[in-house]
There are 2 protein chains.
Amino acid sequence: MSQLDVFICEVGPRDGLQNAHHLMPTEAKKAWISALAAAGLREIEVGSFVPAKVIPAMADTGEVVAHAKTIAGLKVVALAPNFKGFQRALESGAHKITFPVSASHQHSVSNVRMTPDEMVAQVRQACELRLTLPAGQRPEIEGAVATAFGCTLQGEVPEDEVVRIAKLLADAGVDSVALADTVGYANPAQMKRLYRKVKDAVGAKLDGVHLHNTRGLGLANALAAYEEGARAFDSSMGGLGGCPFAPGASGNVVTEDLAFMFESMGLRTGIDFDALLRAREILVNGIPEEPVYGHFAGAGLPKGFRRAAQEGVPGKPAVAPVV
Amino acid sequence: MSQLDVFICEVGPRDGLQNAHHLMPTEAKKAWISALAAAGLREIEVGSFVPAKVIPAMADTGEVVAHAKTIAGLKVVALAPNFKGFQRALESGAHKITFPVSASHQHSVSNVRMTPDEMVAQVRQACELRLTLPAGQRPEIEGAVATAFGCTLQGEVPEDEVVRIAKLLADAGVDSVALADTVGYANPAQMKRLYRKVKDAVGAKLDGVHLHNTRGLGLANALAAYEEGARAFDSSMGGLGGCPFAPGASGNVVTEDLAFMFESMGLRTGIDFDALLRAREILVNGIPEEPVYGHFAGAGLPKGFRRAAQEGVPGKPAVAPVV
C-alpha cells in the first residue's frame, strides 16, 4: 500500500447521518461505505453505539460495522458515547472506537449527562477493559476533545481546560487524542495556538482534528492544523453533519473539498476523485431529500491537474500505519 | 481613523455584478455601495470602464464612481481593461485604477485581444500619462497579475511568467502589484511559493491578492497569503463574481466569511458585522434573482464573540494608508 501524507477519516455515515433530517436505509449505507472505501478512504466512522431511541439513524450500527469489516484494508471506526456504548462497539468488532469528551462542561452535561471528568472515567474504564482482552481483539481507542474551540451553550471554552482533558485522556490510556471543533467555532490562529499547547501536553498522541464548516472556515482551519503537524482529518462527504445538541452547528468540513485541497498542495491522500464523485452520487441516491454541500463536486478538477501520487511527489513518510 | 491589520477591498460591484446573470439598477448599486462603506469597507471597486456593449452591467460605472466619491473616507477603485478604459477612469475621478494583466497568454488574448506584453505596454502608457497630471489629480495605479495560479484555457501558467509580468508592471511604474486567482485554481502551497517569488522580485509593491472560491479554497488561500505577508484582500459580498471569459470560474471569496475569519483571528478589519449583514440585505433586494453564497451570513457570530478592535488587540501597524 502506497504511503500517504495525509489521512482523511470519513465520518459522514456517523456524524453526517446522525444529524440528517432523513433516514438512510441500511442497504444504502452499506453501498455508500463500500463506494467510499473504493474511492481510497481507508478509515471510515460508520456509526455510533447510542441508544436507538435517542438517535434512530444509528440503530443499525452493528449491522453496518459488520458489513464494513468485510471491506479489505478498511479501518472501521465506531463512536461510543459512554462505557456501555463501548461494550457494544467491542462486541461489533470495530477496529477503532472513538469517545467524544466535551471540554465544555455545559455541552457535556447536556449531551451525555456527565461532566467531562465523569466521561474521562468511562474512557479509563474502557482502556482498562481492553487490557483484559486477548491481544488480537483489542481495538484502538481514541479520545476526541469535543467543543475544544468553543461551545454554543457556554461560549468560550478555556484552553487550559482543553489541555487538561486531553492530558487526562492520554493518561487514561487512549492510543490517540483528537481536537474536535464540534460546533464550528474554530479559527486558524486559535487552531495553531491550541494544537501546539495540546501537543506540548500529550506529544505524539495528538493525532488530528475533527472540523466543522459552520462559518466556512473548515479548510482554513485544516490548513492551520496541518501546518502545526496534524496529519489526520475527519470530514464528511457532501458536508453532512453537525451536532443535534448544539443549536446552530451544521456541517462537517466537506471530504471532497478537503481531499482536493491537500492533493492540490502535492500531498497524497490516496483518494481517487472520479471514484469519490461516484460515492457522492450513491450518497445522494441513498438519501435524496438531504442537502449536500461543497465546491469541488460542482467545479471539478482544474485543467491539467495531476494528483500528488501521479506526480511521484516524495512527500513525507506516513505518520501512522493503516489497517 | 483606527489602524487596521488587514485591508479588505470589496469588488462585488465590479467583479460580482459584471458576472451576474441579472442587472442591478444604478440606484440600487449606489445604495449598496453606501451600505458597504457604512459597514467599514474603506476600499470598494465600484465598476469597470469596459465598453457597455461588451458588459452592459458596467454601463453606469461613471455615475457610480461619482456617487461613491461623495462617501467620506472611501477609496473608490475602478477597473481599466486597457489604456482607453484608463482615460475614462481618469475622467471619472476614481481614486485608484486597476489594470488586470493576464499571465496566461491564451487568457489575455481571449479576454482583451492583447498579449500580456501588449497589456503591460498599455499600463506603462497610463503611468506615463499620470506623470503629466497635476499632483492632486494623480490616481493610484495597480497592476493585477491575472490567472496567476492557473488558467481554464491553457491550464498551467508558468510561475516564471507570473514573476516576469509582475516585474514588468512594477518597472512600468504602478504603485502596487496584486496576484489574482482569476479562475479559482490556487492552492495554499502554491500561494505561499508564488507570493514569495513575486515578493522577491518586486518587494513592497506586492500588496495583496484577489481570490476566487471556485473549489472552496478561497479562505485557505487567503490564510496562506496572509502568512506570507499579504495584507490587502479582494472579496465580494455574497460571493458574487467570476470571469465571463473563463468557463467554469465562479464566485469571488465571500467578504462576510473573509472578514469573519480575520476578525476571529484577532486581526482588525474595521468591519462591523451587523452593518455588513444589512448591506447584504440591500444587495439581495437590489438584485433579488441572483444567488448569494457564504456561511457566515447564515450562522452568525459565535456566542461570546468579540471583534478584534473591541478586545484592544494590539495587532500590527497598518501597512498602507487609506484615503
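Predicted model: local features only at pLDDT ≥ 70, side-chain atom pairs only at ≥ 80, totals over all residues.
**Stop 1**

Now zoom in on B:Ile44 and show what surrounds it. Setting aside neighbours within four places in sequence, B:Ile44 touches B:Cys9, B:Glu10, B:Pro13, B:Ile33, B:Leu36, B:Ala37, B:Ala68, B:Leu74, B:Val76 and B:Val77.

**Stop 2: the two copies**

Zoom out and colour the chains separately.

**Stop 3: where the chains meet**

Next, show the contact between the chains, to which chain A gives 33 residues and chain B gives 33 residues. On the chain A side, the elements that supply two or more residues are helices H8 (188-202), H9 (218-227), H10 (255-264) and H12 (296-299). That side of chain A has 15 nonpolar, 14 polar and 4 charged residues. Since 100% of the interface residues of chain A are also interface residues in chain B, the copies meet through the same surface.

Stay with H10(A) for a moment. How many of its residues are buried? The count is 10 of 10, making H10(A) mostly covered. Among those buried residues are A:Glu256, A:Asp257 and A:Glu263, along with A:Phe260 and A:Phe262. Just after this helix, select A:Gly266, which takes a positive phi of about 85 degrees.

**Stop 4: a helix pair in chain B**

Select residues 159-172 (H7) and 188-202 (H8) of chain B. From H7(B), the contact uses B:Glu159, B:Val162, B:Val163, B:Ala166, B:Lys167 and B:Ala170; from H8(B), it uses B:Leu194, B:Lys197, B:Val198, B:Ala201 and B:Val202. By class, these residues are 8 nonpolar, no polar and 3 charged.

**Stop 5: a helix pair in chain A**

Now select residues 26-38 (H2) and 61-68 (H3) of chain A. Here the angle is about 30 degrees and the axes are 10 Å apart. The crossing of H2(A) and H3(A) is right-handed. A:Thr26, A:Lys29, A:Lys30 and A:Ile33 of H2(A) meet A:Glu63, A:Val64, A:His67 and A:Ala68 of H3(A). This contact has 3 nonpolar, 2 polar and 3 charged residues.

**Stop 6: two positive phi angles**

Most residues other than glycine have a negative phi. Select A:Arg113, a residue other than glycine whose phi is positive, near 55 degrees. Look for A:Arg113 in the loop between H5 (105-112) and H6 (116-131) of chain A.

Then go to B:Thr147, which is not a glycine but has a positive phi of about 45 degrees. B:Thr147 sits in the loop between strand S5 (140-146) and H7 of chain B.

Is A:Arg113 buried or exposed? A:Arg113 counts as exposed because it has 11 C-beta neighbours inside 10 Å, and 12 or fewer is the cut-off. B:Thr147, with 31 other C-beta atoms within 10 Å, is buried.

Key:
Residues numbered from 1 in each chain as written. Chains lettered and ligands numbered in written order. Contact = placed C-beta atoms within 7 Å. Helix = DSSP H or I, 4+ residues; strand = E, 2+ residues; numbered from the N terminus. Nonpolar A, V, L, I, M, F, W, Y, C, P; charged D, E, K, R; others polar. Buried ≥ 20, exposed ≤ 12 C-beta atoms within 10 Å, placed from the backbone. Axes fitted to C-alpha atoms, helices over the stretch in contact; angles between N-to-C directions. Left-handed = near helix turned anticlockwise from the far one by under 90°.
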